[in-house]
Structure formats: structure tokens, C-alpha cells
Amino acid sequence: MRTPIIAGNWKLNKTISEAAALTTALKASVANVSDVEIIVAPPFTALAAVNEVIADSNIRLSAQDVYSEDSGAFTGEVSAPMLKDVGCEYVIIGHSERRQYFGETNESVNQKVKAALAHDLKPIICVGEQLEERETGQTEVIIEDHVTGGIAGLSAAELLSCVIAYEPVWAIGTGKTATPAQAQEVHSFIRELLTKTYSADVASQLCIQYGGSVKPENASELMSQPDVDGALVGGASLEAESFAQIVKFG
Ligand code: PGA
């Protein structure tokens with residue numbers, strides 16, 4: 001059985017002291033949870049402080065992006081060895097906001113995924129269609145393009161160190177959650193795709209998260225779908241109580 005993974009993507013929010021306070025409150029609220037993998041993804045500047053707070057807890061650390069090179073003349077970038085060094089276990093790659101505002105492509109996503117894996121970081125690879133693409137019937141074409149582009153060249157073992165997050169762009173930060181049936185349809189499409197390109201065994205082990213306006217009120221219904229294995233949570237992860245309620249969806 002796949003262990004559900006609930007991750008909080010804090011995006012461009014929280015100073016160091018705010019991040020430490022949020023994590024301290026969250027740590028107390030979820031201390032008894034053992035059947036869910038809990039991840040927080042603070043901004044780069046707060047990673048070290050959050051890592052100190054979560055020492056010896058059931059919360060894991062993720063970054064929100066990584067660069068594909070290890071070091072060198074790349075002003076402003078942060079590398080996989082640096083993220084490992086600060087305590088990260090995961091890294092979010094290819095979030096739709098990075099694709100939309102920062103020119104991220106399937107190729108750059110793929111390079112970053114390989115750089116993360118080379119340094120034992122687990123990539124959370126984001127895929128998702130825009131509203132116009134859904135309305136013109138292109139959802140599956142886009143998802144197939146994002147998934148196959150993002151994981152190109154990975155072995156089965158490498159794929160199983162990844163998480164895929166299905167995040168319909170029209171549902172992110174809009175309050176418009178995909179219905180459980182819409183989420184299930186795409187998650188099962190992704191699993192079928194991986195069955196064809198890898199195997200049924202590999203596809204059945206991969207964790208596929210849903211993201212896009214996940215809240216305490218809709219988490220349990222979304223997560224009850226057979227192929228929805230967790231959530232990538234934005235807005236509702238910025239407060240300990242709402243994120244803790246999502247973590248305890250069952
Ligand atoms: P949201 O963001 O929960 O605020 O919609 C999700 C995400 O972008 O990961």
C-alpha cells in the first residue's frame with residue numbers, strides 16, 4: 001500500500017521567525033500522526049531554521065526549486081548539494097508558477113529532477129493543465145507531455161524516488177478544487193501511462209498527489225479516491241491548524 005504524502009508548499013511566504021513559529025505549532029498538532037508522510041516546503045531563507053525545529057519529529061523538509069548544476073557561476077541559484085546540506089529530503093520541481101512566471105520547461109524540469117536524484121533528494125514533480133487546455137479537451141495530452149518530459153531517462157528505481165503532483169492550474173489558489181472524480185480520472189491516466197512505460201508493479205508503487213485548493217473540508221473526499229495518494233497544499237498550509245487537519249484527513 002502507498003503511504004499518503006501531505007506536503008505544504010509555502011511559496012513566497014514566511015520570514016524565518018514566522019516559519020519557525022508555524023513549524024513549532026504544526027509539530028505539536030501532528031505529533032501523533034504516523035500513517036502519513038508530512039512535508040513542509042518553506043522558502044530557501046527559512047530552510048535551516050525549520051530544519052532545526054523539525055529535528056527528531058515526523059515532519060520532513062522540502063525546498064520549492066533546485067538548479068540543475070551543483071556549483072559555479074549561476075548567480076541566484078541554489079543546488080541539490082546545498083539543499084541536502086541544509087536538511088532537505090524532498091524538492092518541488094516544475095510547479096506551474098515556475099513554468100508560468102520563470103520559464104520552466106519540461107527539459108529544465110527533467111534536468112533538475114536528475115540533479116536532485118543524483119544527490120539523494122526526492123523530487124516532487126508537478127504537472128497540470130490550464131483551464132483553456134481542459135476546456136478544449138487537451139488535458140490528457142498536456143499531462144502526458146509533462147509527465148513523460150519530466151521523467152525522461154529515469155530508471156524504475158529512480159522514478160520510485162519521485163512523487164508526481166497533479167495540480168490543475170485552474171484550481172491553484174482559486175478556491176476551485178477539482179472534483180474527486182476529475183482528480184481520480186487524471187491520476188488513473190497517469191498511472192496507466194506509467195504502466196505502459198514502466199510496469200504495473202512500478203506504477204502501483206508511485207505516489208501521486210493532488211494539488212489545487214485542498215482544504216480541511218475537501219481533503220478526505222479527494223484522498224478517498226483510489227489513485228489519489230496525498231496532497232500538495234498551498235494556501236491552507238500557511239496555518240498550522242488547517243494544515244494539521246488536512247494531514248489528519250483519515
Ligand atoms: P493552493 O496551492 O492549495 O493554494 O491552491 C497549491 C499549490 O500550488 O501547490
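What share of the 250 residues of the chain counts as buried? The points below begin with that.

1. Burial. Of the 250 residues, 52% count as buried; buried stands for under 20% relative accessible area, exposed for over 50%, and partly exposed for what lies in between, with a 1.4 Å probe and protein chains only. This is a predicted model, in which local features need pLDDT of at least 70 and side-chain atom pairs count only at pLDDT 80 or more, while totals for chains, interfaces and linings use all residues. Residues are numbered from 1 along each chain as its sequence is written, and side-chain values use heavy atoms, with hydrogens and water left out.

2. Overall build. The chain holds twelve helices and eight strands (DSSP runs numbered from the N terminus: helices are H or I with at least four residues, strands are E with at least two). The radius of gyration of the chain is 17 Å, close to the 18 Å of the globule rule for 250 residues, so the chain is as compact as a globular protein of that length. That radius is taken over C-alpha atoms, and the rule is 2.2 Å times the number of residues to the power 0.38. Along the principal axes, the C-alpha trace spans about 45 × 45 × 35 Å.

3. Contacts and surface. Among contacts in the chain with a separation of 6 or more, 73% are between residues 24 or more positions apart; contact means heavy atoms within 4.5 Å. The accessible surface of the chain is about 11,000 Å², and carbon and sulfur atoms make up 50% of that surface (Shrake-Rupley method, 1.4 Å probe; for residues, only the protein chains shown count as cover).

4. Charges. The chain has 17 positive and 33 negative charges, and their mean positions are 2 Å apart. Lys and Arg count as positive and Asp and Glu as negative, with His and the chain ends not counted; each charge is placed at NZ of Lys, CZ of Arg, CG of Asp or CD of Glu.

5. Salt bridges around D229. The whole structure contains 13 salt bridges, each a side-chain nitrogen of Lys or Arg within 4 Å of a carboxyl oxygen of Asp or Glu. One of them joins R2 and D229, at 2.9 Å from N to O. R2 lies in the segment before β1 (5–9) and D229 in the loop between α11 (216–223) and β8 (230–233), so this pair ties together parts 227 residues apart in sequence. R2 is partly exposed at 22% relative accessibility, whereas D229 is buried at 6%.

6. R191 belongs to helix α9 (residues 180–197), so here the linked parts are 38 residues apart in sequence. Both R191 and D229 are buried. Through shared partners, salt bridges join R2, R191, D227 and D229 into one network.

7. E97 and K11. These side chains meet in a salt bridge of 2.8 Å, N to O. E97 is in helix α4 (residues 96–101) and K11 in the loop between β1 and α1 (16–29), so the pair ties together parts 86 residues apart in sequence. E97 is partly exposed at 23%, and K11 is partly exposed at 21%.

8. G153. This residue sits in the loop between α7 (139–151) and α8 (156–159) and is exposed, with 68% relative accessibility. Leaving aside neighbours within four places in sequence, G153 is in contact with K114 and E158. G153 and K114 are 39 residues apart in sequence, with 8.8 Å between their C-alpha atoms.
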